[in-house]
Amino acid sequence: RPELHLAPRMVDTGAVAADRVHLWALEAAAAWDAFNAIVEWYQADVVAPGAEDPNFHGLAAQASWFLTGEGRPYNEERAVFDRVLPKANALKGRGAWEVAARWSRIDLDDAGVQGGVQTVWTAGVNWYLNPNIRVQIDHVRAWVRNVGSLYAFELRFQVDFDLASDELGRIQNF
């Protein structure tokens with residue numbers, strides 16, 4: 001999917017005969033005050049019976065900056081970014097505002113498999129009303145080699161309840 005939750009798959013290998021698949025991935029993430037960035041690389045090496053072995057790969061990079069000064073906290077124990085904690089919830093202040101950009105590319109064409117090559121650019125704004133509610137607006141532009149392009153705006157309203165989170169005690173006005 002071109003990074004839109006309701007969009008159809010624009011690239012797909014379909015069924016590929018394989019004895020086994022080796023999956024590789026690397027990810028690097030960093031956060032400095034109100035800025036954060038993530039880069040991901042992934043590859044699938046297919047061992048095909050009696051045929052050439054196809055390799056599929058992808059790459060993505062994203063960055064964001066909080067206009068209101070918040071940061072994206074990192075949980076070292078779980079090795080993930082935790083939820084954003086606005087300095088002031090939207091009921092008492094402005095919430096947290098974030099601008100973000102993302103680029104990704106996936107290549108599913110190799111060794112006779114024609115799954116497609118897709119490149120996606122996304123620019124968006126996120127508004128965190130409190131630690132559990134986010135409004136997201138994205139402008140997405142996707143290109144698929146030899147097929148065409150997709151141009152979309154996405155509006156998403158997200159309510160997230162992670163009751164196992166250690167942040168539960170910090171949620172106010174709930």
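**Exercise 1. Decide whether Arg 72 is buried or exposed, and find its side-chain partners.**

*Solution.* Start with the area: Arg 72 has a relative accessible area of 18%, so it is buried. The cut-offs are under 20% for buried, over 50% for exposed, and partly exposed in between (1.4 Å probe, protein chains only). Before going on, please note that this is a predicted model, in which local features need pLDDT of at least 70, side-chain atom pairs count only at pLDDT 80 or more, and totals for chains, interfaces and linings use all residues. Residues are numbered from 1 along each chain as its sequence is written, and side-chain values use heavy atoms, with hydrogens and water left out.

Strands (E, at least two residues) and helices (H or I, at least four) are DSSP runs, numbered from the N terminus.

Finally, look for partners. The Arg 72 side chain makes a polar contact of 2.4 Å with the side chain of Glu 98, and another of 3.5 Å with that of Tyr 128. A polar contact is a pair of N or O atoms within 3.5 Å; within protein, one must be able to donate a hydrogen and the other to accept it, and residues adjacent in sequence count only if both atoms are side-chain atoms.

**Exercise 2. Work out how the rings of Trp 97 and Trp 127 are arranged, and how Tyr 74 and Phe 81 pair.**

*Solution.* A pair of aromatic rings is described by the distance of the centres and the angle of the planes. Rings of Phe, Tyr and Trp (its six-membered ring) pair if their centres lie within 6.5 Å; planes under 30 degrees apart count as stacked, over 60 as edge-to-face and the rest as tilted. The whole structure holds five such aromatic pairs.

Take Tyr 74 and Phe 81: with 5.3 Å centre to centre and 75° between the planes, this pair is edge-to-face. Tyr 74 is partly exposed at 45% relative accessibility, and Phe 81 is partly exposed at 21%.

Now turn to the tryptophans. The ring centres of Trp 97 and Trp 127 are 5.2 Å apart and their planes meet at 10°, so this pair is stacked. Trp 97 belongs to strand E6 and Trp 127 to strand E7 (residues 113–130), and the pair links distant parts of the chain, 30 residues apart. Trp 97 is partly exposed at 32%, as is Trp 127 at 26%.

**Exercise 3. Find which residues other than glycine have a positive phi, and where they lie.**

*Solution.* Most residues other than glycine have a negative phi. Asp 33 has a positive phi of about 50°, and Asn 146 one of about 65°.

Asp 33 first: strands E1 and E2 form a hairpin with two residues between them, and Asp 33 is in the turn. The loop runs between E1 (20–32) and E2 (35–47). These strands pair in the antiparallel sense over 13 bridges, where pairing takes at least two DSSP bridges. Ala 30 stands opposite Ala 37 in E2.

Asn 146 lies in the loop between strand E8 (133–144) and strand E9 (148–159). To finish, check the exposure: Asp 33 is exposed at 72% relative accessible area, and Asn 146 is exposed at 77%.
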